[in-house]
Amino acid sequence: MNNFRGKTLSWHVADGVVELVLDRAPCNEIGLETLGELEHFVASLEPLARESHALIISSARQEGFCAGADLRELYRESQPLAREDRLIRVRDFLERIHHVMNALDDAPLTTIAAVHGVTFGGGFELALTCDLIITDKMARFCFPELRLGLIPGFGGIPRLKRDLGNAVVRDLLLTGRSINSTKAQSVGLVSQVAAEGDALRVARATAAQIGKFDRDTAIAAKRFIKPIPYEELRREIDIFCDLFTRPAVEAGLRRFVESTDALPYLP
Amino acid sequence: MTLDTTTDEILQLAAQHFKVPRAQLRPDDDFFKKLGINSLQVLDLLTRIEQHFHIELPDYELQGVTDFRTLAERIQSRL
């Protein structure tokens with residue numbers, strides 16, 4: 001399927017490049033509906049890859065690339081459930097999102113995240129599945145999960161650890177602070193920083209350059225230098241589930257959902 | 001750079017980006033109320049400040065900061 005327009009995202013193919021565009025208010029929070037449409041996308045990857053050489057993931061939302069998991073939905077859905085049922089529900093969600101993230105990570109295409117604005121939590125983790133991250137000057141990256149009593153659950157830490165030094169990973173994880181695109185480039189996370197509003201244009205130019213090379217070679221190179229850390233990803237799901245049913249997490253989620261604080265996004 | 005200079009540059013930056021006349025902004029103003037901005041826009045302001053002053057300002061240092069002068073003090077400590 002070359003074109004799709006869903007409720008939370010859309011994709012199309014242009015000049016051998018698949019463009020996946022996130023578009024769910026307010027800032028592409030990933031809940032069940034987005035998950036379902038992402039699953040639909042990764043199920044379509046094989047036929048898309050037969051006529052394409054690159055994938056660009058971007059956001060149509062002015063606020064940013066993606067603010068992460070839909071915590072309001074997570075809280076609303078888990079509230080009526082008993083402890084065991086909450087655990088079953090959250091593990092099922094994690095297994096499904098990991099399947100999506102692993103498929104994107106392993107896609108037989110050169111993948112580029114074209115990022116602007118807020119790229120937090122699950123949004124950061126989505127960007128980390130890509131081979132290249134291209135940002136505009138206003139992008140900010142953050143793992144705020146520890147403020148909820150959790151660790152990132154969409155594969156973020158194993159992927160960040162694969163790509164960056166452990167000290168940078170600890171800084172981001174343990175302080176929960178956000179960093180801008182200049183800092184992200186200086187630590188090796190971001191490959192190019194574009195002018196404000198120009199990340200997608202630069203990503204398209206990069207995808208065009210990538211299209212000049214032999215596909216089989218590009219795929220072989222990608223699989224050689226970008227192994228998927230499956231074992232750590234499995235451990236991440238287990239640790240997340242161990243933490244999830246603690247009262248501190250429920251309290252943290254409630255605080256976030258009910259917050260009237262002017263800075264709910266700030267850890 | 002003095003605290004007054006830093007404060008003035010922040011006010012200029014905020015006025016320019018959030019389309020508020022510079023003359024209406026004072027160092028002791030609550031920037032949430034005066035600029036009418038939400039948490040996402042505060043992150044936007046933080047990024048512009050980091051770029052303008054060539055500093056890193058961890059966002060936890062902004063917790064509880066609501067006025068331009070205190071913001072300028074936080075920036076001063078990173079210059």
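## Exercises on loops and helices

A:Pro26 sits in the loop between strand S3 (17-22) and H1 of chain A. Helices (H or I, at least four residues) and strands (E, at least two) are DSSP runs, numbered from the N terminus. The model is predicted: local features need pLDDT of at least 70, side-chain atom pairs count only at pLDDT 80 or more, and totals for chains, interfaces and linings use all residues. Residues are numbered from 1 along each chain as its sequence is written, with chains lettered from A and ligands numbered from 1 in the order in which they are written.

**Exercise 1.** Determine whether the peptide bond from A:Ala25 to A:Pro26 is cis or trans, then find out whether A:Asn28 is buried or exposed.

*Solution.* Begin with omega: for the bond from A:Ala25 to A:Pro26 it is near 0°, and the bond is cis. Next, move along to A:Asn28, which lies in the loop between S3 and H1 of chain A. Phi of A:Asn28 is positive, near 60°, although the residue is not glycine. Finally, count neighbours: a residue is buried if 20 or more other C-beta atoms, placed from the backbone, lie within 10 Å of its own, exposed if 12 or fewer, and partly exposed in between. A:Asn28 has 27 other C-beta atoms within 10 Å, so it is buried.

**Exercise 2.** Work out whether A:Asp15 is buried or exposed, and do likewise for A:Glu51.

*Solution.* A:Asp15 belongs to the loop between strand S2 (9-14) and S3 of chain A, and its phi is positive, about 55°, though it is no glycine. Having 12 C-beta neighbours inside 10 Å, A:Asp15 counts as exposed. A:Glu51 is in the loop between helix H2 (45-50) and strand S4 (54-59) of chain A. With 10 other C-beta atoms within 10 Å, A:Glu51 is exposed. The C-alpha atoms of A:Glu51 and A:Asn2 are 9.5 Å from each other, while the two residues are 49 residues apart along the chain.

**Exercise 3.** Check the span of H11(A) and find which of its residues are buried.

*Solution.* The expected span is 1.5 Å times one less than the number of residues. Now look inward: A:Leu233, A:Glu236 and A:Phe244 are buried. They share one side of H11(A), because they cover an arc of only 60° around the axis; the arc is that of the directions from the helix axis to the C-beta atoms. On the face turned away from that buried side you will find the exposed A:Glu231, A:Arg234, A:Asp238 and A:Asp242.

**Exercise 4.** Describe how H1(A) (residues 32-43) meets H4(A), and which residues make the contact.

*Solution.* First the geometry: the axes come within 10 Å and cross at roughly 35°. Here axes are lines fitted to C-alpha atoms, for helices over the stretch in contact, with angles from 0 to 180 degrees between N-to-C directions. Contact requires C-beta atoms, placed from the backbone, within 7 Å.

Terms used: Contact = placed C-beta atoms within 7 Å.
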